[in-house]
Amino acid sequence: MILNSAAFLTNGASMEKYNQKEFLEGLIERAIKTEEISVTFYSELAHKYSRYPKIREFMERASKDKILIKNLLSGVELSMNKVNIYFSGIDNFYLAASDIAYFDDKIDVINPSLGPIEALELAFTFEKESMLLYEGIRDVCGNLTHLTDLVATKKELITYLMSYRGMLRKKAGSGKLSW
């Protein structure tokens with residue numbers, strides 16, 4: 001069950017441990033669903049931009065990374081009963097404000113007019129936002145192996161996205177988009 005962020009904010013610091021854990025489990029369930037959508041997003045972008053081998057290659061790799069991330073999130077979900085979670089007041093507000101579900105409709109159906117630069121921008125923004133959520137979950141749960149691996153995988157993906165985005169912007173500025 002996914003708790004309403006506004007209700008969580010209202011109850012914030014006075015939430016019982018059970019409700020906090022339920023809220024956290026809801027965030028993780030939501031994140032798993034969003035990561036599943038992103039697998040398709042990256043696969044479709046790889047197909048759409050197949051004429052740009054480096055972009056296609058990156059999108060194919062990102063799609064595989066998303067499967068790994070989804071599996072790591074599932075591992076975190078299974079480990080929830082083994083950890084003592086601790087929510088500070090700031091964690092309540094931080095996690096309640098993390099809403100990667102915002103991206104579901106943006107990445108679920110690829111806009112036909114989405115150019116390669118815009119696609120990388122959208123991917124970068126999504127990955128950055130989800131990274132903030134996962135670091136927030138790690139702050140609450142501690143350094144579970146699955147969370148540590150997930151954050152490391154996300155950091156690598158974001159680094160590649162920044163690199164490709166920079167290269168593509170540079171090529172677009174020169175008028176040469178053939179890779």
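This report describes the helices, nonpolar core, surface and salt bridges of a predicted model.

## Basis of the model

Residues are numbered from 1 along each chain as its sequence is written, and side-chain values use heavy atoms, with hydrogens and water left out. Because the model is predicted, local features need pLDDT of at least 70 and side-chain atom pairs count only at pLDDT 80 or more, while totals for chains, interfaces and linings use all residues.

## Overall architecture

The chain has 7 helices and 0 strands, where helices (H or I, at least four residues) and strands (E, at least two) are DSSP runs numbered from the N terminus. Read from the N terminus on, the order of elements is α-α-α-α-α-α-α. Contact means heavy atoms within 4.5 Å. Among contacts between residues at least 6 apart in sequence, 81% join residues at least 24 apart.

Of the 179 residues in the chain, 47% are buried; here buried means under 20% relative accessible area, exposed over 50%, and partly exposed in between, with a 1.4 Å probe and protein chains only. The chain exposes about 9100 Å², of which carbon and sulfur atoms supply 54%. These areas come from the Shrake-Rupley method with a 1.4 Å probe, and for residues only the protein chains shown count as cover.

## The nonpolar core

In soluble globular proteins, nonpolar side chains tend to be buried together. A nonpolar core is defined as a set of buried Ala, Val, Leu, Ile, Met, Phe, Trp, Tyr and Cys residues joined through side-chain atoms within 4.5 Å. The largest such core in this model contains 53 residues, and Leu24, Leu95, Tyr134 and Ile137 touch the most other members. The elements that give two or more residues to this core are α2 (17-48), α3 (53-79), α4 (89-97), α6 (116-141) and α7 (145-174). The greatest contribution comes from α6, with 12 residues.

Neighbours within four places in sequence aside, isoleucine 137 is in contact with Leu24, Ile28, Leu95 and Leu147.

## Helix α6 and its surroundings

Helix α6 has 26 residues and, at 1.5 Å a residue, should span 38 Å; its end C-alpha atoms are 37 Å apart, which agrees. The expected span is taken as 1.5 Å times one less than the number of residues in the helix. Glycine 142 follows α6 and has a positive phi, near 85°.

Leucine 132 is also found in α6 and is partly exposed, with a relative accessible area of 35%. Together with Ile90 and Tyr94, Leu132 forms a nonpolar patch on the surface, with about 280 Å² of accessible area in total. Patches are made of residues with over 30% relative accessible area and no salt bridge, like charges being joined within 9 Å and nonpolar side chains (Val, Leu, Ile, Met, Phe, Trp, Tyr) within 5 Å.

Aspartate 91 lies in helix α4 and is buried, with a relative accessible area of 10%. Apart from neighbours within four places in sequence, aspartate 91 is in contact with Tyr86, Asp139 and Val140.

## Salt bridges

A salt bridge is a side-chain nitrogen of Lys or Arg within 4 Å of a carboxyl oxygen of Asp or Glu. By this rule the count comes to 10 salt bridges. One of them joins glutamate 35 and lysine 66, with the closest N and O atoms 2.6 Å apart. Glutamate 35 lies in helix α2 and lysine 66 in helix α3, so the pair ties together parts that are 31 residues apart in sequence. Both residues, glutamate 35 and lysine 66, are buried. Lysine 70 forms a salt bridge with glutamate 36, the closest N and O atoms being 3.9 Å apart. This pair also links distant parts of the chain, with lysine 70 in helix α3 and glutamate 36 in helix α2, 34 residues apart. Glutamate 36 is partly exposed, at 38% relative accessibility.

Within helix α3, glutamate 60 and arginine 56 are 4 residues apart, about one turn of the helix, and they form a salt bridge whose closest N and O atoms are 3.6 Å apart. Glutamate 60 is partly exposed at 37% relative accessibility, and arginine 56 is partly exposed at 26%. Salt bridges that share partners join Glu35, Lys66, Glu127 and Lys154 into one network.
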